[in-house]
Amino acid sequence: MDATIYRSPLPPSLRSSFVSAGYLRSWLNESFHHYIRERIFSVLRKGILKGSLRIEDADGVFDFGTVTDKGPQVVMKAHSANLWMRILTSHDIGIAEGYMWGDVDISNLKEMFNLWLDNQTSLAGLESGLSGLFARYSAVVIRGFSRHNVSMAKRHVEFAYNTSNSFFQAFLSNEMMYSCALWSDAENGVRGDLAHGLSPGDLEAAQQRKIQDIIRKARLRPGDRLLEIGSGWGAMAIAAARLGCTVDTVTLSQEQKTLVEERAQAAGVGDRVRVHLCDYRALPREFEHAFDALISCEMIEAVGKAYTSTFFRVIDWAMKRDRATIVITSTSQPEHRHREYQADDFCRRYHWPNVYLHSATSLAIAAQEAVPGGFVFTDLEDTTIHYPRVLREWGRRLERNFKGKVVEELQERFPQLDDPKELEAFRRKWLYMFAYAEVGFARGYTTLNCWTFTRPENVPEACA
C-alpha cells in the first residue's frame, strides 16, 4: 500500500517545528535560554507545595519542593535547552513534545502528572503570556473555524485510526474495543491489577461485560435494527448481530471498514452487519425512521460543539418514532472544568484532533435543544473509575508487543519511522498518552459518562 496517502503519525505543532529546527537558537543567545530556564525555575520554587521535583541538566542538579512519603517524587533529566523554549511557547504540549523527542527523560510519567495536579493552582505561572495566547487562539479556531465539517472529520478519523490495524491489535483486547471496559469482582475490581496482579483474559472479560451492558441499555431484542455511529473494529456490531439484530454501522476509516467486514464474516454474522463508509451527516435515505436503537461509543467527542445539534437531529431522523433508545458513551469534562471553548492540548494535537468534550449535563441539554421533546433523558452512568486500569493494560501490552511485524508495518506505511529517533518518538507518544489519560481519569480531572435517551413514553418493561 502506498504510504504517501497517510499523514505523518507525529505531526508537530508549528511551535515545536520552530524549536526543533533550531531557528530560535540561531538568533537567541545562550543568555536568553538561561533567562527562560530561570523563569521556569522561579515558578517551580514557589509552586511545588506538595511532592518534589529534581531537574538534572548540564549545569547541575536542582531540587524543588520537599521529599516526603505522601507526595509524588519526580526526576527530570534535561538533555537539551530546547525543553525550556518548548515550555515557554507551548506549556503542557511543550513538555510532552520534549519527552517524545528526547529533550528530557522523566523518571515516572504518572508521578509527574500527579505532581502537576497536586500543585496546578500554584504552578499556573508556568503558562507564559505566549503559551496562553497560543492556547486561546487554538480554542477559538477549534470552536469556530469549521474544524468539524465533513472533510475535516474524514481527515481526523484517518489520522486517529488509519495508523494500521496491526498496531491497534498490539495493545487492544481480542475484540478490539478502543474504549473503556467495565471491571467487576471477577477481575478483582478497578485496582485488581495493582492489588492482586495480572491474570490472562481479564481485559477481554471486562470488555465483553461493557458490550453486554450497553446492549442491555439499548434494549435490543432479536429482530431489532441497530444503527451504530463509530464502528471501531466491529465488536459491538458483531455482538448485536449474534443477538439476532441487523446492524448498520458507520465509519470514516477504510481500515476499520475492511476489518469489521472480515471479522463479521468470520463470526458468521456477515449477512447481518453492513458497514457504511460515510459521515453521519450523509446516511442513506432509506435510514429514515428505520432503527430501534442507536449506539455510539466514545465517538461524539469528534462531532464538535458546532455540530452537536446536527448529530442529534440526524439521530432523530433515523430512529423509529414510537420505540427507540439511544446510548452514547464519551469522555467528558467535569462540570467545574467544562468550557465551550476548549484549547489545543496533547491529546488533541497528537491523538484525536480538535475533539470537543461535553459535560454530563451539557450533552443532555444539547439533545433537548436539538430535538425538543423528541427524546427523554432516562439514565446517566459515570464509569470514570474503570478507565485507569484499561489504560494501564493497554500500556503494558504496547510495551510488550511493539516489535517485529508491528513495527515493520508502521515503517512500511510511514518511512520516516525508519529513523530510530522518529520511531522512539512515536512509541513515547502512545506511552505518554496512556499515562496522561490514566492519571486524568484516576483523579477525576477528566470523566467518562454513558447517557441513555428513549422516545417518550417508552418504558423498558411492563410494570402495571
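What you have open is a predicted model, in which local features need pLDDT of at least 70, side-chain atom pairs count only at pLDDT 80 or more, and totals for chains, interfaces and linings use all residues. Residues are numbered from 1 along each chain as its sequence is written, and side-chain values use heavy atoms, with hydrogens and water left out.

**Stop 1: the sheet**

Switch to a cartoon view and look for an open sheet of seven strands, in the order β7-β6-β5-β8-β9-β11-β10, with mixed pairing. At its edges sit β7 (273-277) and β10 (376-382), each pairing on one side only. On average, neighbouring strands here are turned by 20 degrees against each other, direction ignored. Two strands pair if DSSP finds at least two bridges between them.

**Stop 2**

Select 225-229, which is β5. Four of its five residues are buried, so β5 is largely enclosed by the rest of the structure. Buried means under 20% relative accessible area, exposed means over 50%, and partly exposed is in between (1.4 Å probe, protein chains only).

- β5 and β6 run parallel, joined by five bridges; Leu-227 stands opposite Asp-248 in β6.
- β5 and β8 are parallel too, with three bridges; here Leu-226 faces Ala-293 in β8.

**Stop 2: β8, β9 and a helix across them**

Select 293-297 and 325-332, the strands β8 and β9, which pair in the parallel sense over five bridges. Ile-295 stands opposite Val-327 in β9. Then show α11, which lies across β8, β9, β10 and β11 (447-454) and runs at about 135 degrees to β9. Helix α13 (residues 254-266) packs on the sheet as well, touching β6 (246-251) and β7, and its direction makes about 170 degrees with that of β7. Axes are lines fitted to C-alpha atoms, for helices over the stretch in contact, and angles run from 0 to 180 degrees between N-to-C directions. Contact means heavy atoms within 4.5 Å.

**Stop 3: two arginines**

Show side chains for Arg-323 and Asp-292, which meet in a salt bridge (3.3 Å, N to O). A salt bridge needs a side-chain nitrogen of Lys or Arg within 4 Å of a carboxyl oxygen of Asp or Glu. Arg-323 counts as buried because its relative accessibility is 18%, and Asp-292 is buried at 6%.

Next pick Arg-219, in the loop between α11 (202-217) and β5. Its contacts, leaving aside neighbours within four places in sequence, include Arg-323, Asp-224 and Pro-460.

**Stop 4: one helical turn**

Finish at helix α18 (residues 404-413), where Arg-413 and Glu-409 are four residues apart and so separated by about one helical turn. They form a salt bridge, the closest N and O atoms being 3.4 Å apart.

Note on methods:
Helices (H or I, at least four residues) and strands (E, at least two) are DSSP runs, numbered from the N terminus.
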